[in-house]
Amino acid sequence: ESFPLCVHKGGAELLFDGVKKHQVTLPCQPEPWDIRNLLKWIKQNLLKERPELFMQGESVRPGILVLINDADWELMGELDYKLQDQDNVLFISTLHGG
């Protein structure tokens with residue numbers, strides 16, 4: 001299964017080696033991929049430094065907006081949303097350093 005994964009805006013890309021957009025193919029697993037499992041995979045495979053700035057527990061930190069196909073993930077079931085082929089997942093950091 002291939003899911004376009006976008007990390008974009010507000011400095012979040014700095015945690016991913018400066019790469020703004022990742023096209024990822026997730027490995028097969030018995031149950032469907034959901035956002036909870038995707039975040040674990042991102043933490044293990046894409047985050048290059050300071051994962052605590054992106055993740056808090058098993059979710060994203062407060063201040064990181066998650067959009068699934070341009071819709072707020074809160075409308076889609078958040079961590080329980082089941083990923084579909086060709087979904088577009090966008091993380092936008094609304095936090096600004098000073």
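The legends below describe close-up views of a predicted model.

**View 1. Arg36, Glu58 and Asp80 are linked in a network of salt bridges.**
Arg36 lies in helix H1, which spans residues 35-45. One of its partners is Glu58, and the closest N and O atoms of this pair are 2.9 Å apart. Glu58 sits in the loop between strand S3 (55-56) and strand S4 (59-60), so the bridge links distant parts of the chain, 22 residues apart. With a relative accessibility of 38%, Glu58 counts as partly exposed. Asp80 also forms a salt bridge with Arg36, with 2.7 Å between the closest N and O atoms. This pair too links distant parts of the chain: Asp80 is in the loop between strand S6 (71-72) and strand S7 (89-93), 44 residues from Arg36 in helix H1.

**View 2. Arg50 and Glu52 meet in a salt bridge.**
The structure holds 4 salt bridges, and this view shows the one between the side chains of Arg50 and Glu52, at 3.7 Å from N to O. Side chains of opposite charge can pair when their charged atoms come close. Arg50 has a relative accessible area of 48% and is therefore partly exposed. Glu52 is partly exposed as well, at 43%.

**View 3. Strand S5 is joined to both S7 and S6.**
S5 covers residues 64-68 and is mostly covered, with 4 of its 5 residues buried. S5 and S7 run antiparallel and are joined by 5 bridges.

**View 4. A hairpin connects S5 and S6.**
S5 and S6 run antiparallel, with 2 bridges joining them. Ile68 has Ala71 in S6 as its bridge partner. The hairpin has 2 residues between the strands, and Asn69 takes a positive phi near 50° there.

**View 5. The largest nonpolar core has 23 residues.**
The members that touch the most other members are Ile35, Leu39, Ile42, Phe54, Val60, Leu83 and Phe91. H1, S5 and S7 each supply at least two residues of this core. H1 gives the largest share, 5 residues.

**View 6. Phe54 and Phe91 form an aromatic pair.**
The count of aromatic pairs in the structure comes to 1. The ring centres of Phe54 and Phe91 are 5.1 Å apart and the ring planes stand at 75°, so the pair is edge-to-face. Phe54 lies in the loop between H1 and S3, whereas Phe91 belongs to strand S7, so the pair ties together parts that are 37 residues apart in sequence. Both Phe54 and Phe91 are buried. Phe54 and Phe91 are also among the residues of the largest nonpolar core that touch the most other members.

How values were computed:
Residues numbered from 1 in each chain as written. Predicted model: local features only at pLDDT ≥ 70, side-chain atom pairs only at ≥ 80, totals over all residues. Heavy atoms only, no water. Buried < 20%, exposed > 50% of the residue type's maximum accessible area, 1.4 Å probe, protein only. Pairing = 2+ DSSP bridges. Core = buried A, V, L, I, M, F, W, Y, C linked by side-chain atoms within 4.5 Å. Phe/Tyr/Trp six-rings, centres within 6.5 Å; stacked < 30°, edge-to-face > 60°.
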